[in-house]
Amino acid sequence: SKAPVRVAVTGAAGQIGYALLFRIASGEMLGKDQPVILQLLEIPDEKAQNALKGVIMELEDCAFPLLAGIEAHADPMTAFKDTDYALLVGARPRGPGMERADLLAANAQIFTAQGKALNAVASRNVKVLVVGNPANTNAYIAMKSAPDLPAKNFTAMLRLDHNRAASQLAAKTGTKVGDIRKLTVWGNHSPTMYADYRFATVNGESIKDKINDQVWNKDVFLPTVGKRGAAIIAARGLSSAASAANAAIDHMRDWALGSGGEWVTMGVPSNGEYGIPAGIVFGFPVTTANGEYKIVEGLEIDAFSQECIDKTLAELQGEQDGVKHLL
Ligand code: NAI
């Protein structure tokens with residue numbers, strides 16, 4: 001049987017953590033033959049550490065055969081020790097009256113410290129997924145704070161946007177979500193993201209041709225996907241958690257085990273593809289195999305798409321300008 005791998009999860013006592021850890025421990029992320037050791041990080045606060053203890057008790061009570069160990073941590077320098085995978089979920093949410101600059105600064109502090117800790121103690125091949133918002137910029141900060149690790153190993157979660165878009169398209173076309181291929185979401189994980197179905201197919205047929213309605217694309221589809229997070233908060237009183245955890249599982253599973261030639265969306269540092277400046281962590285279509293992702297290149301970008309990509313890029317550049325002095 002395989003040797004266990006180490007999976008660090010931050011914000012482990014939070015909402016997403018509660019929907020995520022049990023699925024990692026049951027083998028849904030890395031395969032039903034891959035034992036895992038969970039290295040869980042929470043803030044040192046007593047309430048958070050107690051909540052984490054409760055989650056660990058429940059993990060024990062599941063008696064997952066693949067769960068080879070569980071650790072509770074209050075310091076990223078111990079939580080990330082030798083870790084093979086790091087899911088950075090914990091982040092500072094925007095409080096009442098908090099300005100955007102304050103939010104960026106609070107998160108810059110968290111992700112600088114966590115990037116440095118990964119740089120110091122994680123496996124040299126650690127695969128990092130940032131879920132905590134602002135996810136792309138937090139991933140960028142962690143990447144910049146970890147100069148000894150490969151930059152390409154720092155990714156941000158756009159998969160929830162991708163899955164939301166797939167679900168809307170299946171509903172619109174009366175098809176099964178699992179039959180949709182070649183969908184992607186460009187840019188920032190924010191309402192400016194550009195969900196792009198120009199290349200998408202369902203059972204080999206073009207989804208764009210099937211829908212054939214640019215007004216629906218612009219006035220219904222894009223706002224629905226972009227504002228879905230807000231719609232869930234309005235309905236549930238809490239932000240998306242189970243669907244976010246599910247997207248994190250999808251992202252890591254495809255990265256680790258391969259997408260079988262299919263496109264998936266990941267936020268990854270650009271190497272200049274599609275004119276996105278190098279280093280910007282941007283949602284791109286990728287394929288994955290052998291533990292590596294590859295950006296799908298050579299896609300035609302029409303005028304409408306370019307406008308959308310420029311808008312989400314400008315927002316990301318604004319965020320990065322806002323944290324530059326903190327790095
Ligand atoms: P939550 O507030 O329920 O849990 C967050 C947990 O992180 C808390 O237990 C908190 O104590 C912990 N935490 C905060 N700072 C930490 C630090 N420095 N180190 C370790 N732990 C820390 O929030 P929830 O609902 O679980 O969401 C987590 C994050 O994920 C939020 O930033 C949210 O905006 C983001 N999110 C991202 C999505 C995406 O698609 N990229 C989708 C949904 C949520």
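## Gly11 and the annotated site

Gly11 is found in the loop between β1 (5–10) and α1 (15–25); helices (H or I, at least four residues) and strands (E, at least two) are DSSP runs, numbered from the N terminus. This is a predicted model, in which local features need pLDDT of at least 70, side-chain atom pairs count only at pLDDT 80 or more, and totals for chains, interfaces and linings use all residues. Residues are numbered from 1 along each chain as its sequence is written, and side-chain values use heavy atoms, with hydrogens and water left out.

Gly11 counts as buried because its relative accessibility is 15%; buried means under 20% relative accessible area, exposed over 50%, and partly exposed in between (1.4 Å probe, protein chains only). Not counting residues up to four places away in sequence, Gly11 touches Gly17, Leu41, Glu42 and Gly90, where contact means heavy atoms within 4.5 Å. The "binding site" annotation in the unreviewed UniProt entry covers residues including Gly11, Gly17, Asn107 and Asn133. Such annotations may be inferred rather than shown by experiment.

## Asn133

Asn133 sits in the loop between β5 (127–130) and α5 (135–144). With 40% relative accessibility, Asn133 counts as partly exposed. Leaving aside neighbours within four places in sequence, the contacts of Asn133 are Ala91, Arg92, Asn107, Asn138 and His189. A polar atom of the Asn133 side chain lies 3.3 Å from the backbone nitrogen of Ala135.

## Nonpolar cores

The largest nonpolar core has 76 residues, of which Val7, Leu59 and Leu87 touch the most other members. Helix α10 (residues 242–257) supplies the largest share of this core, eight residues. A core here is a set of buried Ala, Val, Leu, Ile, Met, Phe, Trp, Tyr and Cys residues joined through side-chain atoms within 4.5 Å. A second, separate core of 28 residues includes Leu104, Ala108, Val121 and Val126.

Beyond its neighbours within four places in sequence, Val7 is in contact with residues including Ile24, Met29, Leu30, Tyr85 and Leu87.

## Helix α8

Helix α8 (residues 214–226) bends by about 25° at Val220, and Pro223 follows within four residues. The bend is the angle between axes fitted to the seven residues ending at a residue and the seven starting there. At the start of α8, a side-chain oxygen of Asp213 reaches to within 3.2 Å of the backbone nitrogen of Val215.

The buried residues of α8 are Trp216, Asn217, Phe221, Leu222, Val225 and Gly226. Among the elements covering them are α6 (159–173), β9 (194–196) and α11 (303–323).

Methods
A polar contact is a pair of N or O atoms within 3.5 Å; within protein, one must be able to donate a hydrogen and the other to accept it, and residues adjacent in sequence count only if both atoms are side-chain atoms.
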